[in-house]
Amino acid sequence: MQLKLEARPARLAAMVWLSPVVAVVLSAVAAGLLFALLGRDPLVALYTLFIAPLGTVMGLTELGLKATPLLLCAVGIAIGCRANVWNIGAEGQFTIGAICGGGVALAFGESGGALVLPLMLLAGIAGGALWAAIPAFLRTKYNAHEILTTLMLSYVAVQILGWLVHGPWQDPEGFNFPQTRQFLPHATLPLLVEGARLNIGALFALAVVPLAAVLLGRTMTGYRIRVAGLAPGAARYAGFSAAGTVWFSLLLSGGLAGLAGICEVAGPVGQLQPIISPGYGYAAIIVAFLGRLNPVGILFASLLMALIYLGGEGLQMDLQLPPAATGVIQGLLLFFLLAADVLILYRPRLVLKPGVKHA
Amino acid sequence: MPDPGIILAILVATLRAATPLVLAGLGELVTERSGVLNLGIEGMMLVGAAVGFMATVVTGNPALGMIAAMLAGAAMALVFGFLTLSLLANQVATGLALTIFGIGLSALLGVDYQSHPITGLATVISPHLSEASPAVQQLLLIDPLVMVAVVAPFLVHWYLTRARGGLVLRAVGESHDVAFALGYPVIRIRYFAVMFGGAMSGLAGSYLSLAYTPMWTENMVAGRGWIALALVVFSTWKPIMLALGALLFGFVTIAQFQVEALGIDIPPQLLATLPYLATIAVLVLISRDTTRTKLNAPAALGRSFHPST
Amino acid sequence: MTISRRTLLGSSLIAPALLRPAFAADPTKVAFVYVAPIGDAGWTFQHELGRRAMDAALGTAVKSSFVENVEEGADSERVIRQLATSGNQMIFTTSFGYMNPTLKVAQAFPKVHFAHATGYKRAANVSTYSARFYEGRYLAGVIAGRMSKSGVIGYVAAFPIPEVVQGINATLLGAQSVNPKATVKVVWTSSWFDPGKERAAADTLIAQGADFITHHTDSTAVAQAGEEKGVYTVGYNSDMSKYGPKTCLTAVTMVWDQYYINTVKAAIAGTWKSDDVWGGIGQGMVKLAKLNPAVPGNVAAEIATKTADIAAGKLHPFAGPITGQDGKIKVAAGASLADKDIAAMNWFVAGVQGKI
């Protein structure tokens, strides 16, 4: 018996929407089995994982808060991937964005008034873009592949943050613990819902979705990016600058990751400290691909990813399931989502006789 | 003149730190040479580390542990292969998902084995150690897997450049359409390469849990899978370069500790960036010659293959 | 085979429910937030041992739970808030990075009691607690001073925070109290948990002539490295003797059992008050693990005497005169360092090779 995939004559529109549903159902079944194996009631556990976090205003705001950095980083990564530019170092650009924006907050201290927050955001974007400019320079000037340089620079960025909060930027009243002063209210992002942590960073992220969609679909730059990704040869022939595309997509994705970084520290974290991200920059790569490198798809993917995080915490708190179980379920869900995408382009068929052999 | 004992110790420490990177990196190199990008090394290493450790505890035989680790790594890679090769899922996203899955799975599997100290591979020869001079002791602490890591790059190099199977594998990685037209079983070859990568990652993981730090704890690979991945790009897909890169990375890590232990005044966090900066610097030096890197990068890397497309 | 975490968890949750008499009041809900997976040794493991001891001591009066592997970034605040929302009356947050999140949540839940480990910010419903780990470190230093031939003590450390710096200084002062020529070589791993890196750091220190090593990191790699190379070690956080049966001489361990029992008892009785507990050997919060038989009887006796002296307050690890690395007198003869200066310690004693 053999699995054969037959190409569909055209992308099946229904399948574009149906495939995630199929995947979620399949992973719910698999997760249910795992829960049963671990001695928990599968239905209760599934409810805790997928539904309970959405049941309260607090849960919904936390979902938005968690999805914001994923969305911002993932849109940038996706634009890069469309142009065949692999930025897997959003984590580092996120960190440097947080450092630069946070540095502005610390430099102003109590002064600066309404000027501080915009400056922090700009510095965050600039910082992220600057950190991404290094791989762009190394790629265009020395041909060094950005997969490696962006990843290495992420490790470097995290160490720089560690050095700053242990050293020069340490809170002088903080008993030499590794942290800066807390940002003052005028250096913190305004909240959207009273009593919750969701802040205007979420609006930036939401605004980025249509902007990125227009950029990719309706502009000359977007066209160049897509051509560079799909047919590098044709792009050269058409006179599009390959270096220009590399610079543009890395600066853009770096800037977005930097914005995510400053929104995180000027939002829920409220200061610089050694750990400011549970790996948003890396998780965003999955989000980008789950969203099929499409800004609107990425919006949904980031919400789903955030939901799994929140639900996973719930599984620990309410059902005492170890976090490792959540990791396994996350992995399974991603597997099913990715596998189900095959339905969009192909019709799978099991054939009993092996196909033609190619020796 | 520095003490020769210290120099020898640094060399041995470097070799040991580089071993897991060489093993996992070689596996990924072969996978990528066939045109498949598997970002799940970290996850496969963790599952290998956990399963290898568990099998060693159960059987009392580290050799069986290593075999189990390779099988477990290959099984993880098989999941990846099924998704990306048979179902044509995106390789980057599937690889990352494999890492998330592997981190969770290894922790679930190994939870009952966290409190089992075992005898590490390196101490197999220990009865005579106490009588030997310190220099000889250092040399004797090289365990069998380090030997494998020393020899394997040459074997893989030979396979990829001389053996027929290796040449076919590279042809598949260069252009699956051409290879397919020539009658090669593209998918089957890629399955082989992916599973070889998984087995090597599993073996690398078991080096950590059986030899380097003989224990199992959650997440003990601590990012080495990502370094191995980076080293493949760094090596421009050449096995010997990969081994040298791993040694360089290991050496800079060890040198950082040496410098600190000598009491030199540099903030530790900035010293910790050295291995990464050194890797970038060397990559820049190698990549400046554009034609060479372009020739080595498998042209079909990361692209799915379907006979009808 | 040990009892799995799951079985333990199951029994701790189910047993009180079965045993609870029908007339008893609802149990007090208590929650713990852990920064790492519980594992088999280390910082989080010791807190988990404390929680289990508290469960065992208070039985049906309490229903406790924990959340492990909670990141110190923005996620911790959500977890703590969720725990407060779901009816926990007492919440222990067991890592320094939870300080500000704990305070933020505490403000929104004035009726819930919080206790934050190792921090310095308190509120009407937020206590802090920590242990004087340096007292145990001093004793470990005495052992090092007696057992090391070269007098060079290797120290694998994670980050230069006061708690780590106190430990390094106290180890050296303990060693110098019996061997004035003793020195400490420090190597930073810039990570609380990376067994491979800790292993490489220990190898490096041994290669550079350290014949006694200890660590302030979260894995058992250093104890294993010492066992393999025949170098004495002292473990940290948890008893690590099974990873170094011949060479791991003891470990500086934290014992939170009694603190958790007392605090939760007070919360149940309604007598809980915000306070700052910083207990040491005298309070039983810091203990040396059982000494390895390799420690000679006279050294063991010396340790027993000095342990009693520290407990009684007769021996202060940071008693003057103490000279800093820069050659300046940090503590004058006859004086000893004040608690607030110990808490913020950011300088090394003369004889430490390494920089903060």
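The model is predicted.

**Sheet of chain C**
- The open sheet is built from 6 strands in the order E2-E1-E3-E4-E5-E11, with parallel pairing.
- Strands E2 (62-67) and E11 (276-279) of chain C form the edges, each pairing on one side only.
- On average, and with direction ignored, neighbouring strands are turned by 15 degrees against each other.
- Within the sheet, E3 (residues 90-93) and E4 (residues 113-117) of chain C are joined in the parallel sense over 4 bridges, and Met90(C) stands opposite His113(C) of E4(C).

**Helix pair in chain B**
- The axes of H2 (residues 41-59) and H10 (residues 224-234) of chain B come within 7 Å and cross at roughly 130 degrees; H2(B) and H10(B) are therefore oblique to each other.
- The crossing of H2(B) and H10(B) is right-handed.
- H2(B) contributes Ile41(B), Glu42(B) and Met45(B) to the contact, while H10(B) contributes Arg224(B), Gly225(B), Trp226(B), Ala228(B) and Leu229(B).
- By class, this contact has 5 nonpolar, 1 polar and 2 charged residues.

**Contact between chains A and B**
- In this contact, 40 residues of chain A meet 43 residues of chain B.
- On the chain A side, the elements giving two or more residues are strand E1 (2-7) and helices H5 (116-142), H6 (146-166), H11 (280-290) and H13 (323-340).
- H13(A) supplies the largest share of that side, 12 residues.
- The chain A side has 27 nonpolar, 12 polar and 1 charged residues.

Key: Residues are numbered from 1 along each chain as its sequence is written. Chains are lettered from A and ligands numbered from 1 in the order in which they are written. This is a predicted model: local features need pLDDT of at least 70, side-chain atom pairs count only at pLDDT 80 or more; totals for chains, interfaces and linings use all residues. Two residues are in contact if their C-beta atoms, placed from the backbone, lie within 7 Å. Ala, Val, Leu, Ile, Met, Phe, Trp, Tyr, Cys and Pro count as nonpolar, Asp, Glu, Lys and Arg as charged, and the others, Gly among them, as polar. Axes are lines fitted to C-alpha atoms, for helices over the stretch in contact, and angles run from 0 to 180 degrees between N-to-C directions. Angles under 35 degrees count as roughly parallel, over 145 as roughly antiparallel, 65 to 115 as roughly perpendicular and the rest as oblique. A crossing is left-handed if the near helix is turned anticlockwise from the far one by less than a right angle, and right-handed if clockwise. Two strands pair if DSSP finds at least two bridges between them.
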